[in-house]
Amino acid sequence: MNAFQPVALEHASRLVNHGPTILVTSASGARRNIMAAAWSMPVEFTPPRIAVVIDKRTFTRELVAESGTFGICIPGVAAIDLTYAVGSTSGRDVDKFARYGIESIEGPVLGLPLVETGCAAWLECRLIPEPHTEDAYDTCFGEVVAAAADSRIFANGHWNVDASNAALHTIHHLGAGHFARASDIVSAKPL
Ligand SMILES: Cc1cc2nc3c(=O)[nH]c(=O)nc-3n(C[C@H](O)[C@H](O)[C@H](O)COP(=O)(O)O)c2cc1C
């Protein structure tokens, strides 16, 4: 079952607000790629903008610079092995989608490869060129132009995390292939 539904752009920042490890996808001409990134964050609500640290030595960075676009997929627990694998190998000499049997769809606005299987959500981003921060801090800014989420875990602008959708709980890198998962919600009460 594919339960992915579009996410309103004004809610896009909520998809990454809690700091999940993400998959960064990219494509330029016939070349495509996917890597893991633990360092990303929203930087603006409207228009939705996101910053991701993409090391300049990665193949991803090369494709992002060429195409001016990148995709963000938010893996769930179901995609933990895949996340670690694509974060531990470079796509410069091998197509990681083929190597790891990763199915992708074509993004609706930018045509980026996006992963839905095992993922909770995805976003398509247009690179906002910032040569200084890209060069000095490997930080790439993007404007979100399309987003969607699996409605079993994110619907009507909110995460609904419970035991029924455990495979889609987001993963948070602790280091060396160990992750914590976001598996319940605790709500603040007024003091
Ligand atoms: C869990 C995890 C998180 C990572 N986070 C980042 C990150 O935030 N930024 C980054 O540049 N690389 C990060 N990496 C490393 C890249 O994913 C790795 O260098 C990858 O092989 C690059 O692939 P590419 O050369 O095909 O683009 C991470 C790796 C793992 C496993």
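**Figure 1. Residues 14-156 of the predicted model, the span of an annotated domain.**

**Figure 2. The shell of residues around the ligand.** The ligand is surrounded by 21 residues, of which D55, T58, T60, G87 and S90 are the closest. By type, the shell comprises nine nonpolar, ten polar and two charged residues. Strand β3 (31-37) and helix α1 (59-67) each provide at least two residues of the shell. The largest share, four residues, is contributed by β3.

**Figure 3. Helix α1 and the strands against which its buried residues pack.** The buried residues of α1 are T60, R61, L63 and V64. Viewed along the helix axis, these buried residues fall within an arc of 165 degrees, and therefore they line one face of α1. In an α-helix there are 3.6 residues a turn, so residues three or four places apart point the same way. The packing partners of the buried residues of α1 are β2 (22-28), β3, β6 (69-75), β9 (119-128) and β10 (139-150). T60 is also one of the residues closest to the ligand. Just after the helix, G68 adopts a positive phi of about 70 degrees.

**Figure 4. The largest nonpolar core and the surroundings of L15.** This core holds 45 residues, and L15, A121, W122 and A147 touch the most other members. Two or more residues are given to the core by each of β2, β3, β5 (49-53), α1, β6, α2 (80-86), β9 and β10. In soluble globular proteins, nonpolar side chains tend to be buried together. With neighbours within four places in sequence left aside, L15 is in contact with V7, I74, A121, L123, A147, A149 and F154. Among these contacts, A121 and A147 are themselves named with L15 as touching the most other core members.

**Figure 5. P42 in strand β4.** Strand β4 consists of residues 40-44 and includes P42. P42 has 17 other C-beta atoms within 10 Å and is therefore partly exposed. Apart from neighbours within four places in sequence, the contacts of P42 are S13, V16, N17 and I50. P42 and F141 are separated by 99 residues in sequence, while their C-alpha atoms are 9.4 Å apart in space.

Terms used
Residues are numbered from 1 along each chain as its sequence is written. This is a predicted model: local features need pLDDT of at least 70, side-chain atom pairs count only at pLDDT 80 or more; totals for chains, interfaces and linings use all residues. UniProt positions are given in the numbering used here, feature names are shortened, and annotations may be inferred rather than shown by experiment. A residue is near a molecule or strand if its C-beta atom, placed from the backbone, lies within 6 Å of it. Ala, Val, Leu, Ile, Met, Phe, Trp, Tyr, Cys and Pro count as nonpolar, Asp, Glu, Lys and Arg as charged, and the others, Gly among them, as polar. A residue is buried if 20 or more other C-beta atoms lie within 10 Å of its own, exposed if 12 or fewer, and partly exposed in between; C-beta atoms are placed from the backbone. The arc is that of the directions from the helix axis to the C-beta atoms. Two residues are in contact if their C-beta atoms, placed from the backbone, lie within 7 Å. A nonpolar core is a set of buried Ala, Val, Leu, Ile, Met, Phe, Trp, Tyr and Cys residues joined through C-beta atoms within 7 Å.
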